[in-house]
Amino acid sequence: MAERSILITGGAGFIGSHVVRRFVNRYPGYNIINFDKLTYAGNLENLRDVEKAPNYRFVHADICDAETVAHTLREHKVDGIIHLAAESHVDRSIRDPFAFARTNVLGTLTLLQEARNYWESLPEGYEGKLFYHISTDEVYGALQLDRPDGGAPYGSEFFTEETPYAPHSPYSASKASSDHFVRAFHDTYGMPVIVTNCSNNYGPYQFPEKLIPLFISNIRHGKKLPVYGEGLNVRDWLYVEDHARAIDLIFHRGRVARTYNIGGFNEWKNIDIVKALIRVTDRLLGNPEGHSLPLITYIEDRKGHDLRYAIDSSRLKEELGWEPSLQFEEGLEKTVRWYLDNPEWSDRITSGEYRDYYRRMYGDRE
Ligand code: NAD
Ligand code: TYD
C-alpha cells in the first residue's frame with residue numbers, strides 16, 4: 001500500500017475520533033496527523049486506544065492559524081486532508097454565530113489557502129492530492145412533512161446532491177459557505193476536492209449536548225428530557241462508524257470534484273427517538289418499563305427549527321457500493337450500552353475533568 005500522509009482536522013471530536021481510529025488501525029503505512037484546537041468539543045480521551053500508535057501524531061492548533069497550518073503541511077508532507085474541524089452544535093450557533101463564521105468559514109478558507117500554497121509549490125503540483133471536506137445535510141434547508149401519519153418516510157421529498165442550498169441556522173449557513181469555498185478552490189485553482197453531506201450521526205463519544213447522548217445521560221441521572229416544541233421534527237440518523245466507513249471509501253475511491261450525500265434512509269420523529277431511548281435505557285438499567293417516561297418535558301421550540309431532514313444517498317450506493325451496515329434498533333442499543341458501560345466518560349465531561357486528560361498527556365500548553 002502506498003504511503004500517505006493525511007491531516008485529519010477535528011480528530012478529537014465525535015466523528016473525527018472514529019475516522020482517526022479507523023485510519024490509524026487500517027492503514028499502518030499512513031502517517032495520520034490529528035490537527036485539533038481542543039475546543040470544549042475536543043476530547044483526546046476519545047483516542048486513548050490509538051494515541052501510542054507509531055503512525056499517529058497530534059498537533060494542538062487552530063485551523064485559523066495559517067502559519068501553523070502551513071508548517072504542519074510541509075513538515076509532514078501532507079498529501080491528503082480530511083477536514084472535520086468545526087463548531088457543530090445548532091443551539092450554540094443561535095447563541096454565538098460569530099464563532100461559527102470564524103472556524104467553519106475562515107478556518108476552512110485558511111486550510112484551503114495553505115493547502116493550495118503548499119501543493120502548488122511542489123513539482124508534481126496537485127497530483128495525488130485531495131482536500132476532502134466533511135459537511136452536513138443541513139445546508140439543504142428543511143423538507144416538508146407531507147405524510148405526517150403515514151410513518152417513515154415522513155415526506156415524499158429527499159435531499160439529493162442537486163438540491164439547491166437553503167441553510168436556515170447560523171450553523172448550516174456557515175457550513176454552506178465553507179462548502180462553496182471548497183468547490184470554488186476546485187473551480188478556480190484546480191484543487192482536487194470532494195465534499196460529502198451527511199445526515200445526523202449517533203454513537204459512542206458524541207458530546208452530551210446533542211439529543212441522543214444528552215438524553216441517555218439525563219435518563220441515567222433521572223433528569224428532565226427537554227423536547228423542543230412538540231417533538232415532531234424529523235431527523236435521518238446514521239451510526240457514526242457507518243459514516244467513518246463511507247469517509248474511508250470516498251477518500252480512496254470517490255471522484256474528484258464530486259459531491260456525495262451520506263444517509264441512512266432512517267427517519268425518526270424526535271419524540272419517537274426519545275421513547276425508544278427510554279425503552280432501551282430503562283431495560284438496560286433494570287428499571288420497570290415506562291419508568292423514565294415522566295421525564296419527558298416539552299419546552300419552547302428551537303428558533304428556526306428545521307422540520308425534516310431526509311437524505312437520498314443512492315449515488316453513493318450506485319457508484320461506490322456503500323450502504324449503512326446497522327439497523328437503527330441495533331445501533332441504538334449498541335450506543336446506549338456504550339454510554340452506560342462508560343459513565344465516567346460522560347461524567348468527566350459534565351464535571352469539566354476531561355480537560356485534564358490533555359494536560360496530563362501533553363502538559364499545560366493550552
Ligand atoms: P464535534 O463538535 O464533536 O467536534 C469538532 C472538533 O473540531 C473538536 O474536536 C474541536 O476541538 C475541533 N475544532 C473546533 N474548532 C476548531 C478550530 N478552530 N481548529 C481546530 N480544531 C477545531 O463535531 P462532530 O459532530 O464530530 O462533527 C464533525 C464534522 O462533521 C463537522 O464538520 C460537522 O459539521 C460535520 N457533520 C456532523 C454531523 C453530526 O451529526 N454530528 C453530521 C454531518 C456532518
Ligand atoms: P441535535 O442533536 O442538536 O442535532 P441537529 O440540530 O443538528 O439535528 O438535535 C436533534 C433534534 O433533537 C433536533 O430536531 C433538535 C432536537 N432536540 C431536542 O428536542 N431537545 C434537545 O435537548 C436537543 C439537544 C435537541
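This is a predicted model: local features need pLDDT of at least 70, side-chain atom pairs count only at pLDDT 80 or more; totals for chains, interfaces and linings use all residues.
Hi everyone, let me begin at ligand 2: a polar side-chain atom of Glu138 lies 2.6 Å from one of its oxygen atoms. The protein covers 96% of the 510 Å² of accessible area that ligand 2 has on its own, with areas taken by the Shrake-Rupley method with a 1.4 Å probe, where for residues only the protein chains shown count as cover.

Residues are numbered from 1 along each chain as its sequence is written, chains are lettered from A and ligands numbered from 1 in the order in which they are written, and side-chain values use heavy atoms, with hydrogens and water left out.

Back to ligand 2, then. Asn270 also brings a polar side-chain atom to 2.9 Å from an oxygen atom of ligand 2, and a polar backbone atom of Pro226 is 2.7 Å from a nitrogen atom of ligand 2. These are polar contacts, meaning pairs of N or O atoms within 3.5 Å; within protein, one must be able to donate a hydrogen and the other to accept it, and residues adjacent in sequence count only if both atoms are side-chain atoms. There are 18 residues around ligand 2, and Glu138, Pro226, Arg235, Arg302 and His305 come nearest; a residue is near if one of its heavy atoms lies within 4 Å. That shell divides into eight nonpolar, five polar and five charged residues. Here Ala, Val, Leu, Ile, Met, Phe, Trp, Tyr, Cys and Pro count as nonpolar, Asp, Glu, Lys and Arg as charged, and the others, Gly among them, as polar.

Now, which residues come nearest to ligand 1? Of the 29 around it, they are Ile15, Asp36, Ser88, Tyr171 and Lys175. Ser88 has a side-chain N or O atom 2.7 Å from an oxygen atom of ligand 1. Strand S5 gives the largest share, three residues; helices (H or I, at least four residues) and strands (E, at least two) are DSSP runs, numbered from the N terminus.

How many cavities of 30 Å³ or more does a search of the whole structure find? Three. A cavity is a set of points, on a 1 Å grid over the protein atoms alone, where a 1.4 Å probe fits but cannot get out; a pocket is an open set with protein on both sides within 12 Å along at least five of seven lines, and lining residues have an atom within 4 Å of a point. The second largest cavity holds about 40 Å³, where grid points are joined across faces, edges and corners and a volume is the space filled by probe spheres set on the points. Glu138, Arg235 and Arg302 are among its lining residues, and they are also among those that come nearest to ligand 2.

The second largest pocket has about 170 Å³ of space. Strand S9 (residues 234-239) gives the largest share of its lining, three residues.
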